[in-house]
Amino acid sequence: MCGAHCWVWRSGVFRPRHTGRGHVVGVTGAPGTGKSTLVNALARAYRAQGLTVGIIAVDPTSPFSGGALLGDRVRMRDLAGDPGVFIRSMATRGSLGGLARATSDVILVLDAAGFDRILVETVGVGQAEVEIASAAHTTIVVEAPGLGDEVQAIKAGVLEIADLFAVNKADREGADHAVLALQMMQGLAPVGVGHHRPQRGGSAGHGEPGLQPDGAWLPPITKTVATRGEGVEALRDWVEKHAGYLRETDQLARRETTRAASALDHILCDRLRGILLARLPEGQLTACVAMIARREVDPYTAAAQLLSEAGLQ
Ligand SMILES: Nc1nc2c(ncn2[C@@H]2O[C@H](COP(=O)(O)OP(=O)(O)O)[C@@H](O)[C@H]2O)c(=O)[nH]1
Ligand SMILES: [Mg+2]
């Protein structure tokens, strides 16, 4: 079965015929910072501009995946009834690598289906979540005051993937403190931090946010009150500015290359593991693991033996 959006054989490579248009926005941060509410508000802000929105929630506590209080679910209902919005929640069962792969597959499908913006909510606590967020074109790291720590992202290790910071719950005390903490951190951060940012200016943290005179992107810090939609349009506009920045520099192509390399790598590893297991006698792998655990053999020797037994080395 090959529908309009299937992969087609063209010029010697498989390529998705309809992908590559949707801008993927990762929204990550500690639980309770207001990511789901912000994603909801951002989706509305995009809908107000007539753009279609795909939403992927990789957060087990997300209202989108049904784990929230009733009040939250009621709020999401109007979005769910909008044909210009598609909401998909990802199960968090199974391997973390599997989750990252499944999420990037869904991103591909939503892109192929023609959604203009794809918002991916992840909890910025684990490696897989960070990996998912870093697969986005633009990553928003959400902070909120009053969660016991001024800047939770420092602990979660998601700072280096931030393209934008949203200090949400700006109606609460301590929001300015959180902004200040982020600004200070930007000033202190080593030059060139981040896998996709070019060198930032020496005056990072003191200059204007966004595009610097030297062409570097300094993640702007915006305050939002997601529950009331305040600051959300400004945040949306920053996402668009960042998208423009990516297009105008070589950053977009570089990110796409990284994404492609990682997708191919995942698939190849999966397939090769499948081939290997199919060629080995049942129980062999488990027996090997037990031997390694008992220090009877080192893992490198064991791997070499398994590969050679399967005729792969
Ligand atoms: N006061 C205030 N509460 C908010 C704001 N944004 C979200 N919340 C509330 O914070 C709680 C957690 O929000 P949620 O979006 O589920 O956070 P998530 O875990 O990061 O997805 C909910 O009760 C929201 O209603 C905000 O801007 N101000
Ligand atoms: Mg959530």
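**Core and helix packing**

Of the 313 residues in this protein, 36% are buried. Keep in mind that this is a predicted model.

Now the overall make-up. The protein has 10 helices and 11 strands. Take the contacts with a separation of 6 or more: 68% of them join residues 24 or more positions apart.

On to the core. In general, nonpolar side chains in soluble globular proteins tend to be buried together. Here, the largest nonpolar core holds 55 residues. Which residues have the most contacts inside it? They are V25, L42, A43, I55, I118, L119 and V120. Helix α1, residues 35-48, gives the largest share of this core, with seven residues.

Let me pick out I118. Set aside neighbours within four places in sequence. I118 then contacts G22, V24 and V25, then G54 and I56, and finally I107, L110 and D111. V25 is also on the list of residues with the most contacts inside the core.

Back to α1, and its packing. Two numbers describe a packed helix pair: the angle between the axes and the distance between them. α1 packs on helix α7, residues 232-248, at about 75°, and the axes are 9 Å apart. Because angles from 65 to 115 degrees count as roughly perpendicular, α1 is roughly perpendicular to α7.

Who makes the contact? From α1, A41, L42, A45 and Y46. From α7, V232, E233, L235 and R236. By type, six of these residues are nonpolar, two are charged and none is polar. L42, on the α1 side, is also one of the core residues with the most contacts.

How values were computed
Residues numbered from 1 in each chain as written. Chains lettered and ligands numbered in written order. Predicted model: local features only at pLDDT ≥ 70, side-chain atom pairs only at ≥ 80, totals over all residues. Core = buried A, V, L, I, M, F, W, Y, C linked by C-beta atoms within 7 Å. Buried ≥ 20, exposed ≤ 12 C-beta atoms within 10 Å, placed from the backbone. Helix = DSSP H or I, 4+ residues; strand = E, 2+ residues; numbered from the N terminus. Contact = placed C-beta atoms within 7 Å. Axes fitted to C-alpha atoms, helices over the stretch in contact; angles between N-to-C directions. Parallel < 35°, antiparallel > 145°, perpendicular 65-115°, else oblique. Nonpolar A, V, L, I, M, F, W, Y, C, P; charged D, E, K, R; others polar.
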